[in-house]
Amino acid sequence: FAVVLLVGHLALTVLGALALWRIAGGGWLGGVAAGLFVLGYVALWRFLLVPGSPTRLGYRERLTAALVLGPAVVVLGSLSGLWLPALMATSVVILGDALNEGSR
């Protein structure tokens, strides 16, 4: 189930970056905003959310992070017309994390 979790986080990262790029009007400013979002999300994933990491957050903390980051990406997606894929990616992240936690 860790693969499902990874796919969900990758989808949230791509959708958030695409939404920020669209909101900023494309071009270099949108690229910078999207790049900063991707760097921040990848750092969060690498150091706090990745399965098997010694510094991984507990289940409640990961759920809180998903319940904060997911709706933030959904709001960004709704401003750029990508709300449904963002909502689905948030659901995949929450479900994948719960299934991964339950299979341990």
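In which helix does Val92 lie? In this predicted model, Val92 is part of helix H4, which covers residues 83–102. The relative accessible area of Val92 is 31%, so the residue counts as partly exposed.

Val92 also belongs to a nonpolar surface patch, together with Phe1, Val4, Leu95 and Leu99. Helix H4 supplies the largest share of the patch, with 3 residues.

The buried residues of H4 are Ala86, Ala89, Thr90, Val93, Gly96, Asp97 and Asn100. Viewed along the helix axis, the buried residues of H4 fall within an arc of 130°, and therefore line one face. In an α-helix there are 3.6 residues a turn, so residues three or four places apart point the same way. The cover over the buried residues of H4 includes helix H1 (2–23) and helix H3. On the face of H4 turned away from the buried side are the exposed residues Met88, Leu95 and Gly102.

Ser53 is located in the loop that runs between helix H2 (27–49) and helix H3 (59–80). With a relative accessible area of 14%, Ser53 falls under the 20% cut-off and is therefore buried. Leaving aside residues up to four places away in sequence, Ser53 is in contact with Arg46 and Phe47.

Methods:
Residues are numbered from 1 along each chain as its sequence is written. This is a predicted model: local features need pLDDT of at least 70, side-chain atom pairs count only at pLDDT 80 or more; totals for chains, interfaces and linings use all residues. Side-chain values use heavy atoms; hydrogens and water are left out. Patches are made of residues with over 30% relative accessible area and no salt bridge: like charges are joined within 9 Å, nonpolar side chains (Val, Leu, Ile, Met, Phe, Trp, Tyr) within 5 Å. Accessible areas come from the Shrake-Rupley method with a 1.4 Å probe; for residues, only the protein chains shown count as cover. A salt bridge is a side-chain nitrogen of Lys or Arg within 4 Å of a carboxyl oxygen of Asp or Glu. Helices (H or I, at least four residues) and strands (E, at least two) are DSSP runs, numbered from the N terminus. Buried means under 20% relative accessible area, exposed over 50%, partly exposed in between (1.4 Å probe, protein chains only). Contact means heavy atoms within 4.5 Å. The arc is that of the directions from the helix axis to the C-beta atoms.
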